Amino acid sequence: MMMGSSYFDLLTSLIQTVIVMRLIGPTGRGLMTISDLFTKWLANTHLGAMHGLSRRLPVALARHEEQRAQDLEDVGMSFVLATSILSALGMLGTAVFCLSWGTVTREVIACGAGIFLCSQTVTVYRVVLRAWGTFSVLALSSMVMNVAQLVLVVAGAWAYGVVGAMVGLLAANLLQLGYLHWAGRLRIRVRYNWPLIFALISSGLPLVAITYADILLRTVDRAMVGKLMGAHALGLYWPASQLAMYLFRIPESVGFVLMPRIWEKYGVEDDAAALRQHVLAPTMAAATVMPVLSGLLFIMIPQVLRALVPLYVEGTYAAQVLAMGGAFLALPIAACGLLVAMRREWLVTLTKLAGAAVIAGGAWWTLRHSGDLAHVAMYAVSGFALASLLALVAALGNYYRSRWRLALEIIICHVPFVWSILAIRGAGLLSDLLPVSLHEHSWRIMTMRMVIFLVLCLPVLWYGDRRTGVLRRTRALVMGKLAARVRPAEPPEMRE
């Protein structure tokens, strides 16, 4: 049910995104992005208490320590909600008293404060419900949220523009919160136990540092564009950043399963060598597959933007650049998992902060010297690449003691990215040799370029499959699911 909910979420999200982008235009989309940046940066004001709750509550429940679980639930939820209320009030105060902003901007930020408070409450509800194993409620809550967003945000944008879209989003969040409160049967009992609060913070603080550094890595480019170029430019840049995030969801979902396995195995073995295949194989799979997916997206973007959201075509090249950069976000997932397992969270945090610093400095410099959105995107990709490289060096150094062997393996991890860039160029040159009649149909020429690109990338895919078996495993998984769907049910006597 959770898998079906994920597909449903993605579909409704894409539909709603396209419709709202067309209704409110780049400036409105930029204002919504500013509000979204506020909520992302404030999301960790609980100082790690929520992460501590997500770690400790399942353990207490598994040990049948009912009183301990009740204390964790009450105190953890109370502290997270208290910090969220204070943060939301700060955001609301910014909207009310920052008179230099326009009226519409202040209204959007004010709505964003309510959305932030609702989303934080929903998140802590989901942490508790996940610990109790009520996954059906969680899946249905996601569906409620996405249907509500599709209806209310689109209706609000159509009727009242960007402010209406924000009010619709706030209403959708309230509906989801109400559903979780009713279906999950949760009751917030306000209690404060400072020793327990400090224990929750101490267990979750390292993850907060990583999470906040990761948020900076992924959002600092948007912050610089909004600050130095304004809401309209930020709206034009939004498809670029969003496409990179959509692409990152593929390896992120794999990492959601992979990281707990790495942590569990390291906890048993206490030896990085025992995790060699859990780290090297996913890294090489990401290194060979993700640049190919990025390249396909690179080719598709111009035609897709022209067809679906023509008002945003000025950000086409920035979107293409960041689509390629999404490969670097995927590359170090297993490496970071290993470093966290080895209690080197600080190192993961530093790699991401280093990348964020490159992005912030580069974006500031290029925008101060008449640079455009594409230049900002290039610095963003440079920051992603630096963070990835540093994490790979730190993690893979546990398996390659020779510096030359380590350097060679890291070079191999980056060759597919360079190869895909050359393949994109080659697909463009070869497609120009096709009959002129094909060039009159933009969708056909796009399809031909994608086919040529895939053919040129076959050596990369072959090497990745040879090293990791990723394509064979994917094919076996898909065929297994198809076979399970078409296989007739066995009679009861045969199963016996």
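Is Trp101 buried, partly exposed or exposed? Trp101 is partly exposed, with a relative accessible area of 27%, where buried means under 20%, exposed over 50% and partly exposed in between (1.4 Å probe, protein chains only).

This is a predicted model, in which local features need pLDDT of at least 70 and side-chain atom pairs count only at pLDDT 80 or more, while totals for chains, interfaces and linings use all residues. Residues are numbered from 1 along each chain as its sequence is written, and side-chain values use heavy atoms, with hydrogens and water left out.

Next, select helix 2 (residues 49-62) and helix 4 (residues 103-132), which pack at an angle of about 20 degrees with their axes 8 Å apart. That angle makes helix 2 roughly parallel to helix 4, a term for angles under 35 degrees. The contact (heavy atoms within 4.5 Å) includes Met50 and Leu53 of helix 2 and Gln120 and Thr123 of helix 4.

Rings of Phe, Tyr and Trp (its six-membered ring) pair if their centres lie within 6.5 Å, and planes over 60 degrees apart count as edge-to-face. Phe38 lies in helix 1 (residues 2-42) and Trp101 in the loop between helix 3 (66-97) and helix 4, 63 residues apart. Phe38, at 22% relative accessibility, counts as partly exposed.

Finally, select Phe79 in helix 3 and Trp194 in helix 6 (residues 194-229), which are 115 residues apart in sequence. Phe79 counts as buried at 9% relative accessibility, whereas Trp194 counts as partly exposed at 48%. Ring pairs link Phe79, Tyr192, Trp194 and Phe198 into a cluster.

Methods. Axes fitted to C-alpha atoms, helices over the stretch in contact; angles between N-to-C directions. Helix = DSSP H or I, 4+ residues; strand = E, 2+ residues; numbered from the N terminus. Parallel < 35°, antiparallel > 145°, perpendicular 65-115°, else oblique. Phe/Tyr/Trp six-rings, centres within 6.5 Å; stacked < 30°, edge-to-face > 60°.
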